[in-house]
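Look at the model below and keep it in view while reading.

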Amino acid sequence: MSHYEAPIREPLVLGDKSYHDITEDIAKPIEGAANKNWYIAFYISLAAMLWGFGCIFYTVGTGIGVWGLNKNIGWAWDITNFVWWVGIGHAGTLISAVLLLFRQKWRMAINRSAEAMTIFAVFQAGLFPIIHMGRPWNGYWVLPMPNQFGSLWVNFNSPLLWDVFAISTYLSVSLVFWWTGLLPDFAMIRDRAVKPFQKKIYALLSFGWSGRTKDWQRFEEVSLVLAGLATPLVLSVHTIVSMDFATSINPGWHSTIFPPYFVAGAIFSGFAMVQTLLGIMRKVTNLEDYITRMHIEYMNIVIILTGGIVAVAYATEFFIAWYTGSPYENYTYLSVGAATGPYAWAFWSLLIFNIFTPQLLWIKKFRRSFIITFIISIAINIGMWFERFDIIAIVLSKGHLPSTWWRFEPTFVDVGIFVGTIGFFFVLFLLYARTFPVIAQAEVKTILKSSGEFYKKRREQGIPTKPAINVANVAGTSDKSNKE
């Protein structure tokens with residue numbers, strides 16, 4: 001009985017499910033028509049995306065002067081949004097890579113969507129530095145490549161260049177990881193497809209997957225290798241993003257706590273965004289039986305942990321700013337000056353949304369509630385945006401000379417581009433939910449006998465069940481197995 005879990009554990013697959021039911025449920029959003037909720041979410045997202053694209057074209061056509069930047073604040077909403085989006089992408093890699101290495105069963109229903117979220121979030125993040133160049137058609141200049149200007153090379157000492165390498169590596173590894181996991185699911189859709197065109201497309205996407213034992217063996221090996229490669233990326237990418245600030249000499253930025261604190265904050269905000277997306281996705285794809293209260297609770301526990309690390313980092317920053325006795329440190333983003341100055345609203349928004357609101361998750365009733373979790377996850381996303389805004393706008397608005405002090409006020413273009421990227425992100429995610437299997441059906445099938453509600457009930461009643469069977473037999477090219 002070693003492969004069965006303790007009866008006290010709640011099931012991860014609800015309902016009277018057989019292996020065939022799992023295939024039917026996961027293929028349904030792709031093969032069937034979209035429900036009303038999907039269309040409502042899609043049209044709202046599309047409208048936001050089109051507004052954002054209009055603002056981007058206006059910026060490129062007119063110049064960066066249409067943003068609210070000034071002589072002091074050369075970085076503002078664009079870099080805030082860049083760091084926010086990169087941070088959101090972190091949870092996907094953590095769920096898929098780190099939890100795979102730790103053999104956590106609950107990752108199986110959520111890893112596919114978390115990985116998709118990573119890739120779509122990195123797309124949004126990459127937009128901002130390109131727009132901020134002012135001449136996006138020269139964007140390729142950030143790459144160290146031979147050119148017609150003689151030996152004109154990028155500055156390898158610049159953390160902005162490290163960003164280029166970190167994010168491109170992150171995107172490519174995440175993409176390969178995501179696609180590898182999708183292969184057996186694409187093959188399942190291919191074999192079920194009725195229309196010849198659809199069959200041909202999914203045959204191309206599945207790279208000739210046949211479901212043989214050899215395929216599964218290689219699949220397991222590649223997944224482990226990619227998980228091993230992706231795990232250091234969880235730590236390295238946001239560490240390098242934090243060095244955009246930490247390697248400068250600005251008071252408030254020049255801080256050794258930034259790398260670990262940014263990584264914890266990234267995982268914190270990433271898990272919050274996964275909660276937001278799963279709350280929406282459960283409804284638009286009718287997959288409530290696979291994304292359960294247990295998944296929500298486990299993710300909330302990670303949010304409590306990383307939120308605690310972030311709170312300790314805030315307290316450290318605030319204490320050090322006061323303890324140094326330096327008048328310049330009194331105007332950094334976590335200081336008495338910030339709490340009482342013109343940006344007090346942003347300072348207190350950060351504390352309320354990021355430190356006080358997540359403490360509600362200590363209460364089990366709240367931690368297991370879909371609606372409260374959804375509201376808290378949105379609050380954390382808002383709070384993490386304010387954190388990045390405070391770090392950038394508050395620190396830059398108060399320079400060493402009081403005569404240069406200046407406030408940042410966003411224009412409609414700043415707001416429009418940001419709202420547009422949120423719309424673009426959700427458009428990509430909703431299209432993905434209609435064309436790709438949003439749950440790794442092969443992996444969910446491996447835990448059906450040990451964690452499925454139907455089989456757990458049978459064991460409680462003393463009815464014998466066969467041992468969990470090999471995944472290669474469950475989710476190959478055909479799917480004929482039913483309940484015993």
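Which residues in H2 are buried? They are Trp38, Ala41, Phe42, Ser45, Ala48, Met49, Gly52, Cys55, Ile56 and Thr59. Bear in mind that this is a predicted model. Buried here means that under 20% of the relative accessible area is left.

What covers the buried residues of H2? The cover includes helix H5 (111-132), helix H9 (258-284) and helix H15 (412-435).

Just after H2 comes Gly63, which has a positive phi of about 125 degrees.

Helix H5, already named as part of the cover over H2, can be treated in the same way. H5 is built from 22 residues, and its first and last C-alpha atoms are 33 Å apart, close to the 32 Å expected at 1.5 Å a residue. H5 is mostly covered, with 16 of its 22 residues buried. Just after H5, Gly134 has a positive phi of about 85 degrees.

How many cavities of 30 Å³ or more does a search of the whole structure find? The search finds 7. The largest cavity has a volume of about 110 Å³. Its lining consists of Leu100, Arg107, Asn111, Arg112, Glu115, Phe177, Thr180, Gly181, Phe219, Ser223, Ala440 and Glu443. The elements that give two or more residues to this lining are H5, helix H6 (159-192) and helix H8 (213-246). Sorted by class, the lining of the largest cavity has 4 nonpolar, 4 polar and 4 charged residues.

The second largest cavity holds about 60 Å³ of space. Which residues line the second largest cavity? They are Tyr331, Gly337, Ala338, Gly341, Pro342, Tyr343, Ile394, Ser397 and Lys398. Helix H11 (336-340) and helix H14 (370-397) each supply at least two residues of this lining. By class, the lining of the second largest cavity divides into 5 nonpolar, 3 polar and 1 charged.

How values were computed. Residues numbered from 1 in each chain as written. Predicted model: local features only at pLDDT ≥ 70, side-chain atom pairs only at ≥ 80, totals over all residues. Heavy atoms only, no water. Buried < 20%, exposed > 50% of the residue type's maximum accessible area, 1.4 Å probe, protein only. Helix = DSSP H or I, 4+ residues; strand = E, 2+ residues; numbered from the N terminus. Contact = heavy atoms within 4.5 Å. 1 Å grid on protein atoms, 1.4 Å probe; cavity = no way out; pocket = protein on both sides within 12 Å on 5 of 7 lines; lining within 4 Å. Points joined across faces, edges and corners; volume = space filled by probe spheres on them. Nonpolar A, V, L, I, M, F, W, Y, C, P; charged D, E, K, R; others polar. Expected span 1.5 Å × (residues − 1).
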